[in-house]
Amino acid sequence: MSYEIKKAAIIGAGVMGATIAAHLANAGIESVMLDIVPPFEPSEADLKKGLTKESKAWRNSFAINGLNGALKSKPASFYSKKNASMIAIGNLEDDLNLLKDVDFILEVVIENLKIKQELFAKLEKVIKPECIVATNTSGLPIREISEKMSAKNKERFLGVHFFNPPRYMKLVEVIPGETTKKEIVDYMTYFLENVVGKGVVICKDVPNFIANRIGVYDISNAVKTMLDKDLTIPELDAIIAKVLGRPGSAICGTIDLVGIDTGYHVMKNLVAAVPDDEMVKTFIPPEFMDKMVENKWLGNKTKGGFYKKTKDDKGKKVKLALDYHTMEYVPFEKPKYESVKEAGKTEGSFDDKLKALFYSEKDIAGEVAREYLCKNFIYSANRIPEICDTVYQIDNTMKWGYNHQKGPFETWDVVGVKESLEVMKKLKLKIPKKIIEMLKKGDSFYLKKEDGNYYYDFDKKDYVKMGDNPKIILLPELAAKNKVIKKNDGASLVDIGDGVACLEFRTKMNAIDGDIISMIEESCDIVEKDFTGLVVANHGTNFSVGANIFQVLMAVQNGEWDLLDKLIHDLQYANMKMKYLEKPVVTAPAGMALGGGCEVSMHGQRCQPCGETYMGLVEVGVGVIPAGGGCKELMVRCTEGLPDGTAEVLNMQPIYEKVLMNIGQAKVATSAMEAMELGYIRKTENISLNRDHQISDAKRLVLSMAMTHKKRKPDMIPVMGENLMGIAHAVLFNMKHGNYMSDYDEHVTMKLAWVLSGGMCPEGTFVTEDAILDREREAFLSLAGEQKTQDRIMHMLTRGKPLRN
């Protein structure tokens, strides 16, 4: 039987349920969101609003509030608030009929077994026979939740555990029941990966599955290590931090973010649920956490947990840290460990830095790192096959669900499995026999061979080849196979197969510099001659944060105006070369695509953005205007839909006000969909929700374009001429007098308006792209020469944020 989810239902409109519904809408899936009728009477304030007990608005109020909460959430749950229209709301007494045609139901109610069982009994009466049914439980046994279901329903029932916030967290745990059909598990894996854009890990039906079993042990182990070593909270977070592959919030900062009560209850639940676990005592919350929960010091949501932010007598912001001995907050002092400092400065990759700290003997930080990681390694090994069967399931779970840079087995490989055993012996830790057994076959959990990647399988006691996913193209792996066509210090051109090449940026934060510009030019020449088409993409956190502004500042301060003029000209015409190449070019932005990164993205003939693309022309923040073709291309995008012959008679003021405000206010889209609304990406483009699939999606787009590709004619741009200057003066006058901009902001924005005007010509005049590019370059150089702009650039370089002067 084939399955297809076109419409879903979310039962439970709390934070998690509403934000899951929001992300399904991002993926193009309509949903129905139901919750209970409020079990209490309307207040007097409610009655004054017309919310009587019988009114639909009152009976649906939990669902209404859930949807409103998702619309207001920060970070944003929706790619665009317009997506909220795809969610219908109701309640579980009046609106069960809305579930009759849904293809998938996900329960997201309170973690109470009886409530869940009663709810599913109610739903079973109205859903269609082929509807897939799931629970978002974070730890209750699937077999117990489904205990009272019919045999047929059990076949279509499974756990589908999203992580919070659902839009941004990659992991979804899928937990089959004892009789769940394999075809249901396979389809849900396909749906979650390809439609919803997630990373799926199949889990066994055991307490807290994989993520919260390994993840909560990781946190409990860290807290216990802190107590054993008598470290302060800031000292723990200074050691178990980015250098060990943990998120920037480290351990205690992460617990504050998630909620101390949440972590506390999971720890308590595990103590009861896994009494035979060899490390069960580690899960027992320490006494000071009991007091924190009792005092309602629950982290960020109560404005105080392990850390607290307040103001001193002078109104200055102050960060405090909890002293768990006295249960008082004390001023935060950043700890300094020589070993952590040296590890951070170690040349090479993340692996080199991690290994340097692990083996450091300089101070207690190395000791803490060794004890913490070795206990994690052993605990993770002992959980196979209890919670899953393979090392990569645990590794992927911790990377995708807890934002660890590497999973425990990958980290173990970094420090050296064989070498770490000596450390474990010194710590008097019990080494699992399966690890000793593995070392007879090899000295790592993962191997790379000519025919692919392998992992060590504890059950088979041998290395097993990992399955290849044709939708995942990894540029480093292709580089290792000598697929690099050409490279320099800033970029490389990689053969990704089937006649398609990929241009990859490789500078710090993929900032655009001379090397990247020259590689764009050379890549176009190579592809024109030898390839079917070009993809511009990379695996960096950010596609590109923009031009290298330090390079710009140095050129200005050294008076190298001809050099700067040439650099800007080269970027403009490298982008133009991509736009008009006789072979298809697809850009694939993800993460930040700002300034020059946005300009490169806009000059692809097509764009295959990741859903999480944050795009904008932000140059005004440092006192200049976009000059890599960004002004020109946004003008093209916003006017290209005008019917032929209408530019002279249509009122173009709304169009050009939008362009002026987008650039003049440095508007940054918070998703690919919002980038479409702002004009940075055409609304006809498709979005890749799964970042892992994006390069493959872009490659397929290139190949489909190649079948009918024709050289395009140069764009002609209708402009407003001097009329735009008058409009800009009026708009900016009001903004300045409303204290929305400084005098210098007004000056910069008027330069922008001069570029967009196209010259002293009548409204409706068509100008060439070259004419706008010339004006971009002239305005940029003029502004770059002004002291206030140079001050802004220096402020950005030293403080990391714009100066408003």
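Me: Ala, Val, Leu, Ile, Met, Phe, Trp, Tyr, Cys and Pro count as nonpolar, Asp, Glu, Lys and Arg as charged, and the others, Gly among them, as polar. What does the lining of the largest cavity hold, by class?

Reply: Seven nonpolar, five polar and three charged residues. This is a predicted model, where local features need pLDDT of at least 70 and side-chain atom pairs pLDDT 80 or more, while totals for chains, interfaces and linings use all residues. Residues are numbered from 1 along each chain as its sequence is written, and side-chain values use heavy atoms, without hydrogens or water.

Me: What makes a space a cavity?

Reply: On a 1 Å grid over the protein atoms alone, it is a set of points where a 1.4 Å probe fits but cannot get out. Lining residues have an atom within 4 Å of a point. Volume is the space filled by probe spheres set on the points, which are joined across faces, edges and corners. Four cavities reach 30 Å³ or more. The largest has a volume of about 100 Å³. Among its 15 lining residues, Asp 218, Arg 246, Asn 376, His 404 and Pro 408 are the closest to its centre.

Me: Which element gives the largest share of that lining?

Reply: α16, with five residues. Helices are DSSP runs of H or I, at least four residues, and strands are runs of E, at least two, numbered from the N terminus.

Me: How do you know that Lys 301 and Asp 261 form a salt bridge?

Reply: The rule asks for a side-chain nitrogen of Lys or Arg within 4 Å of a carboxyl oxygen of Asp or Glu. The closest N and O atoms of Lys 301 and Asp 261 are 2.9 Å apart, so the pair qualifies. Lys 301 sits in the loop between α13 and β9, and Asp 261 in helix α12, so the bridge ties together parts 40 residues apart in sequence.

Me: Why is Lys 301 called exposed?

Reply: Exposed means over 50% relative accessible area, buried under 20%, and partly exposed in between (1.4 Å probe, protein chains only). Lys 301 has 51%, so it counts as exposed. Asp 261 has 17%, so it counts as buried.

Me: What makes Lys 291 and Glu 287 a salt bridge pair?

Reply: Their side chains meet at 3.8 Å, N to O. They are four residues apart in helix α13, so about one helical turn separates them. Lys 291 is partly exposed at 37%. Glu 287 is exposed at 55%.

Me: How many salt bridges does the whole structure have?

Reply: The search finds 54.

Definitions and conventions. 1 Å grid on protein atoms, 1.4 Å probe; cavity = no way out; pocket = protein on both sides within 12 Å on 5 of 7 lines; lining within 4 Å.
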